[in-house]
Amino acid sequence: MAVHHLLRRGISSGSPLHPLRGLLVSQEFGRRQASSAAAGDAVAELRGAREDVKQLLKEKSCHPILVRLGWHDAGTYDKNISEWPKCGGANGSLRFEIELKHAANAGLVNALKLIQAIKDKYAGVTYADLFQLASATAVEEAGGPKIPMIYGRVDVSAPEQCPPEGRLPAAGPPSPAEHLREVFYRMGLNDKEIVALSGAHTLGRSRPERSGWGKPETKYTKNGPGAPGGQSWTSQWLKFDNSYFKDVKERRDEDLLVLPTDAVLFEDPSFKIYAEKYAGDQDTFFEDYAEAHAKLSNLGSKFDPPKGVSLDICC
């Protein structure tokens, strides 16, 4: 029953509220008002940050690296470790130098530099939330699906809380299918989610100076946008669609990248079911991708409030 109704009932009954009981009710009401106001402020800041991320994307065409930033913060999650933050995941640890220096995170310091001004402007937004907000917004602004995100992630506080190196996927392991399953199953993801998430390679380029893979430049990347060079998986590498699956399946263009972990999606019997489906049905790909991306973004996160907050329907 609402507090204001309790107060009205106490007054209208002719029996005055006990002073202490009235004080407790008043304090509880005050706490609820403060909590509601705090949640409203948090949503307002997150919405403001999202608008600034959209502007950044327009100015810098940095969609791929922002997607990667969110993924690599979340992708260290280990479902077999119950203690937070030892389990890894989307907790903002990637802002620390020790984790940025992990080989799989080469170049991500540039993503952090891009969004630092937004973090400074919206001090109430955690790094963990900003990384995931930037990643989801980049997908959506590139023409991808709307991702059902929630926010309220708590940041780790010190570099000692960063996960150990080696939890992120490699590009060219000896047994690609086995490697992908080892990494993604550890996160609690399944074959469908592995293939759907792989489709995000429709965005971006691989730079050999960072990853050891890809050409220094191609006809699709030599003029940018952004810093020129690298090799992309698709010809329109700032557009989010299902062309990744079509291009990997056909392999007709030597200027488009196909890593061992890409090729195996059409070689492994289980992966192939989903890869073939996504190559022929973009709507299904978008639906499965949005669900998988949202799941990834929540891995290992501790939320305050516990159920998180939505920017589209305020809690």
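# Exercises on a predicted model

**Exercise 1.** Classify C62 and C87 as buried or exposed in this predicted model.

*Solution.* Start with C62, whose relative accessibility is 6%. Buried means under 20% relative accessible area, so C62 counts as buried. Next take C87: its relative accessibility is 4%, and therefore C87 counts as buried.

**Exercise 2.** State how many disulfides the whole structure holds.

*Solution.* A disulfide is a covalent bond between the sulfur atoms of two cysteines. The cut-off for such a pair of sulfur atoms is 2.5 Å. Searching the whole structure gives 0 disulfides.

**Exercise 3.** Describe how helix α7 packs with helix α8, and which residues meet.

*Solution.* Two packed helices are described by the angle between their axes and the distance between the axes. Helix α7 covers residues 176–187 and helix α8 covers residues 191–198. The angle is about 105°, and the axes lie 10 Å apart. Angles of 65 to 115 degrees count as roughly perpendicular, so α7 is roughly perpendicular to α8. On the α7 side, the contact involves L180, R181, F184 and Y185; on the α8 side, D191, I194 and L197. By class, the residues of this contact are 5 nonpolar, no polar and 2 charged.

**Exercise 4.** Summarise the protein chain: its secondary structure, burial, contacts and surface.

*Solution.* First, the chain has 13 helices and 2 strands. Second, 50% of its 315 residues count as buried. Third, take the contacts between residues at least 6 apart in sequence: 71% of them join residues at least 24 apart. Last, the accessible surface is about 15200 Å², with 53% belonging to carbon and sulfur atoms.

Key:
Residues numbered from 1 in each chain as written. Predicted model: local features only at pLDDT ≥ 70, side-chain atom pairs only at ≥ 80, totals over all residues. Heavy atoms only, no water. Buried < 20%, exposed > 50% of the residue type's maximum accessible area, 1.4 Å probe, protein only. Axes fitted to C-alpha atoms, helices over the stretch in contact; angles between N-to-C directions. Helix = DSSP H or I, 4+ residues; strand = E, 2+ residues; numbered from the N terminus. Parallel < 35°, antiparallel > 145°, perpendicular 65-115°, else oblique. Contact = heavy atoms within 4.5 Å. Nonpolar A, V, L, I, M, F, W, Y, C, P; charged D, E, K, R; others polar. Areas by Shrake-Rupley, 256 points an atom, 1.4 Å probe, with all protein chains shown as cover.
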